[in-house]
Each structure stands twice: as C-alpha cells, then as structure tokens.
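Visitor: I have a chain on screen and a few quick questions. Can you walk me through it?

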Amino acid sequence: LLEILGQSKEPLAVQNHLTKCFDSIKKLEFTKDAKKRYEALGMHSGEAEYVPFLERVIAEGPVEAWLTAVETAMRNTLKKELVKSIVGFKRSKKEKWISETPGQLIIASSQIAWTQETTKALIDLENGDKTALKELRRKHANTLKKLSDMVKGNLSKLNRLKLVALLTIEIHARDVIEKLIK
C-alpha cells in the first residue's frame, strides 16, 4: 500500500500490486492519450485473458481515485459482458461462445442456466411431471458429452482452460441432478 501511494504519479508502477488489489487481474493495458496521460484500456488475467473496458479510465490524480474508477470500469464491463454471455450460452455454438466469453462469465452463465433449468424441472415435478428431472439429466448428459468431445479437439491453451473449468462445474451439476433424482 505504501509503495502504491508513494508512486501514485506513475500508474505503471501499480502493475506489480494489482493481484493484491483485484482478484484474478494480473495487469492493466495502458496507453497514453494526446495529453500524455495514461489511460487504462482493459484488464489481463494471469491466464493471459484480455477483457477491454467499455470506457477508458484516465490514470491521473490520487491513485485511490483512479483505481476506484478502474474498479468501476471492471464492474460495468463485466456486467454488460455477463448479459451477452447468458444470451450466447443459449443461442451460440459452444465453441464460439467459449472463445468469445471471459472465463468467469462462462461459469456464471452456465450456473444461471443450470439453476433456471433445474428450478423449472422441480416445478414441473411438483405439478405432476414425474419425468422432469430425468429429462433434465438426459439433456445435461448430452451437454457433457458435447463439452467432453470439444476438450479432445484442437483448442488454444486459454480456451482449453476455460473449457476444463466449465466441465468441472457441469460435472458437479450432473452430480446434484443425480442426488435430486434419488
């Protein structure tokens, strides 16, 4: 903290401390504007995943002020990207969706969709459809098969990491569905 505050005039010096300030952020992408001010353009994860901000953040003035602006830019960007991810989860081909979507949002979208589908199956079961959970299990098994086939394919290192994380979550979801059936 003292080093960050001591070098507040030099935004690039903060890079070494970002992992302590923000979870899963290794560094920010900076450029200089026409007035020679640093602008944060986006964020990089430790896995080399890059997410551009919706709006540039000028990194000048008190470091706590512009880091708060960076945090706001992160939140606004991820909020918008999450909406796109949820829509993409249902409408896009999985390969395209995985390559275009930030890793954390893949997991969040998957969990939202699973929760919706499971809730619907439980409501259907309560309303007399005795096969609702078994149908959900069948559908989920098909999804797992497709994801398993994808992981055997030719993927970039980043897309393979995202797919393995998604598979791990989906396998857990399958296990929960099994327990609900029992």
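**A helix residue, then the rest**

Guide: Let's start with one residue. Serine 110 sits in helix α5, which covers residues 103-126. Keep in mind that this is a predicted model.

Visitor: Is serine 110 buried or exposed?

Guide: Buried. Its relative accessibility is 1%, and buried means under 20%.

Visitor: Which residues is serine 110 in contact with, leaving aside neighbours within four places in sequence?

Guide: Phe89, Leu166 and Glu170.

Visitor: And what separates serine 110 from arginine 37?

Guide: Their C-alpha atoms are 39 Å apart. Along the chain, 73 residues separate serine 110 and arginine 37.

Visitor: Let's zoom out. How many helices and strands does the chain have?

Guide: Seven helices and three strands. In order from the N terminus, the elements go α-α-β-β-β-α-α-α-α-α.

Visitor: What percentage of the residues is buried?

Guide: Buried residues are 35% of the 182 in the chain. The accessible surface is about 11,500 Å². Carbon and sulfur atoms hold 55% of that surface.

Visitor: How many charged side chains are there, positive and negative?

Guide: There are 33 positive and 24 negative side chains. The centres of the two sets are 4 Å apart.

Visitor: On to the strands. How do β1 and β2 pair?

Guide: Antiparallel, over six bridges. Strand β1 is residues 27-32, and strand β2 is residues 38-44. Threonine 31 stands opposite glutamate 39 in β2, and leucine 28 has methionine 43 of β2 as its bridge partner.

Visitor: How many residues lie between β1 and β2?

Guide: Five, and the two strands form a hairpin. In that turn, lysine 36 has a positive phi of about 65°.

Visitor: Then what does β2 do with β3?

Guide: The pairing is antiparallel, over five bridges. Strand β3 runs over residues 50-58. Glutamate 39 faces isoleucine 58 in β3, and glutamate 39 is also the residue opposite threonine 31. β2 and β3 form a hairpin too, with five residues between them.

Visitor: How many residues of β2 are buried?

Guide: Six of its seven residues, so the strand is mostly covered if buried means under 20% relative accessible area.

Visitor: What about phi in the turn between β2 and β3?

Guide: Look at alanine 48. It has a positive phi of about 70°. Alanine 48 is exposed, with a relative accessible area of 59%.

Visitor: Why point out a positive phi?

Guide: Because most residues other than glycine have a negative phi.

Visitor: Where is serine 24, and what is its phi?

Guide: Serine 24 is in the loop between α2 and β1. Its phi is positive, about 70°, although it is not a glycine. Serine 24 is partly exposed, at 37% relative accessible area.

Visitor: Where does lysine 26 lie?

Guide: In the loop between α2, residues 18-21, and β1.

Visitor: What is lysine 26 in contact with, beyond four places in sequence?

Guide: Gln15, Leu18, Thr19, His44, Ser45 and Gly46. Glutamate 95 is 69 residues from lysine 26 in sequence. In space, 26 Å separates the two, C-alpha to C-alpha.

Visitor: Last one. Which helix holds threonine 72?

Guide: Helix α3, residues 63-91. Threonine 72 counts as partly exposed, with 39% relative accessibility.

Visitor: And how far is threonine 72 from valine 57?

Guide: They are 9.4 Å apart in space, C-alpha to C-alpha. In sequence, threonine 72 and valine 57 are 15 residues apart.

Key: Residues numbered from 1 in each chain as written. Predicted model: local features only at pLDDT ≥ 70, side-chain atom pairs only at ≥ 80, totals over all residues. Heavy atoms only, no water. Helix = DSSP H or I, 4+ residues; strand = E, 2+ residues; numbered from the N terminus. Buried < 20%, exposed > 50% of the residue type's maximum accessible area, 1.4 Å probe, protein only. Areas by Shrake-Rupley, 256 points an atom, 1.4 Å probe, with all protein chains shown as cover. Lys, Arg positive; Asp, Glu negative; His and termini not counted. Charge placed at Lys NZ, Arg CZ, Asp CG, Glu CD. Pairing = 2+ DSSP bridges. Contact = heavy atoms within 4.5 Å.
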